[in-house]
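Keep the viewer open as you read.

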Amino acid sequence: MKTLSNVLYITSPEVYLSLDGENVVVRKDEHTSTRLPLHNLENIVCFNWQGVSPALMGACAERGIGLAFLSPNGRFLGRVTGKVYGNVLLRKKQYLISEHESQCVPIASSFLIGKIYNSRKVIERALRDHGLLVDKDTLGRASAFLKEILKGLTTCKHIPELMAFEGSAAKIYFSVFDQLILQQKEDFHFEERSRRPPLDNMNSLLSFLYTLLTNEAMSALEAVGLDPYVGFLHADRPGRPSLALDLMEELRPVFADRLALSLVNRKQITGKGFTQKESGGILMDDDTRKTVITAWQERKKEEIEHPYLKERIPFGLIPHVQALLLARYLRGDLDAYPPFFWN
């Protein structure tokens, strides 16, 4: 089993990263603020403008350490990759299946079954934990609708049918999402999903967490030898990590939505950490971003029993386990891809 190594998140836009021996050095205003040994790192995610030295980029590529660049507001810019260590036969199988809709449908269906099941769990948890604070009838109806959509997914024969069911499920889920926000309603409310740019604090928080999850999914897929840009549900587009987006579907409610609600309902972040730009988009400040990343990292350390493996693993390894199960299915070692069900 893969061990859960550390991820170095650079949240300040003004720092520069370089290599000193076997250490990554974080510099700000010509002063060294942090020094970490490379062998402890699995990924480096940079939300800075000044960048990384070529020597450090080469060291990361050589050691298989993921190095991703994002803008300070979380928009993905690019990754540094070295030699391709992936299994070429596995990738050829992935490409072959991606060209045949009939073979894509069972995989895509599993991703969406996991997504809708886990979305329903988020609602059910709110009913269980906060039954006196939420509209039980409305949330109950939403949960029942999602249950019916789950049944419909199993009969789909084409990708557009799956996407139609997914669209209906998302509409129902997000129509009650505001009711799951129990604190700070004046600063955090939810009407509909908005992005590029997010138009309110809650959407800004969700978009940032989805960006973190995208990087986790891409790293997991690359680690097992799959191409994160060739998907089975999302269509191929230049620069779009379609398979990473596929894998994210089942993980969004658990990794991102649930954490966003916890951060707001526990008042770990406040509305003061968000500002509106002239364009209308909402930007998260550095301190809030650090708080979110700290909570994200702590969440990854929590242990759960994986429903398929029946083993206790850190939460942060779930994307890697699901990528591994997908690779095993593509190789013919499993009869079906088992989605992750949060219990």
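Start with helix H6 (residues 201–223) and helix H8 (residues 252–265), whose axes come within 9 Å and cross at roughly 140 degrees. Helices here are DSSP runs of H or I with at least four residues, strands are runs of E with at least two, and both are numbered from the N terminus. The axes are lines fitted to C-alpha atoms, for helices over the stretch in contact, and the angles run from 0 to 180 degrees between N-to-C directions.

Before going further, some housekeeping: this is a predicted model, in which local features need pLDDT of at least 70 and side-chain atom pairs count only at pLDDT 80 or more, while totals for chains, interfaces and linings use all residues. Residues are numbered from 1 along each chain as its sequence is written, and side-chain values use heavy atoms, with hydrogens and water left out.

Back to the pair. H6 and H8 are oblique to each other, because angles under 35 degrees count as roughly parallel, over 145 as roughly antiparallel, 65 to 115 as roughly perpendicular, and the rest as oblique. The crossing of H6 and H8 is right-handed; that label applies if the near helix is turned clockwise from the far one by less than a right angle, and left-handed applies if anticlockwise. On the H6 side, the contact (heavy atoms within 4.5 Å) is made by Met 202, Leu 205, Leu 206, Leu 209, Tyr 210 and Leu 213. H8 brings a list that includes Arg 252, Phe 255, Asp 257, Leu 259 and Leu 263. Sorted by class, this contact has 13 nonpolar, no polar and two charged residues. For that sorting, Ala, Val, Leu, Ile, Met, Phe, Trp, Tyr, Cys and Pro count as nonpolar, Asp, Glu, Lys and Arg as charged, and the others, Gly among them, as polar.

H8 also packs against helix H9 (residues 286–301), at an angle of about 125 degrees and with the axes 11 Å apart. H8 and H9 are therefore oblique to each other, and their crossing is right-handed. The contact is made by Val 254, Phe 255, Leu 259 and Leu 263 of H8 together with Val 292, Ala 295, Trp 296 and Arg 299 of H9. By class, that contact of H8 with H9 has seven nonpolar, no polar and one charged residues.

How do helix H3 (residues 101–129) and helix H10 (residues 318–330) sit, and at what angle do they cross? The axes of H3 and H10 come within 12 Å and cross at roughly 160 degrees, which makes H3 roughly antiparallel to H10. The crossing of H3 and H10 is right-handed. Pro 106, Ile 107 and Phe 111 of H3 meet Leu 326, Tyr 329 and Leu 330 of H10, a contact with six nonpolar, no polar and no charged residues.

**Single residues worth a click**

Ala 223 lies in helix H6 and, at 55% relative accessibility, counts as exposed. The cut-offs are under 20% relative accessible area for buried, over 50% for exposed and in between for partly exposed (1.4 Å probe, protein chains only). The C-alpha atoms of Ala 223 and Leu 324 are 101 residues apart along the chain but separated by 8.8 Å. Leu 41, in strand S5 (residues 41–46), counts as buried at 9% relative accessibility. Its C-alpha is 9.6 Å from that of Val 24, 17 residues away along the chain.

Now for some backbone angles. Most residues other than glycine have a negative phi. Lys 267 has a positive phi, near 60 degrees. Lys 267 sits in the loop between H8 and strand S8 (274–276) and is exposed at 51% relative accessibility. Phi of Lys 310 is also positive, near 60 degrees. Lys 310 lies in the loop between strand S10 (303–305) and strand S11 (312–314), exposed with a relative accessible area of 58%.

**And the cysteines?**

How many disulfides are there? With a disulfide taken as a pair of cysteine sulfur atoms within 2.5 Å, the count comes to zero. Cys 60 is in no disulfide, and the nearest cysteine sulfur, that of Cys 46, is 8.4 Å away. Cys 60 is buried, with a relative accessible area of 1%. The sulfur of Cys 156 is 14 Å from the closest cysteine sulfur, in Cys 104, too far for a bond. Cys 156 also counts as buried, at 6% relative accessibility.
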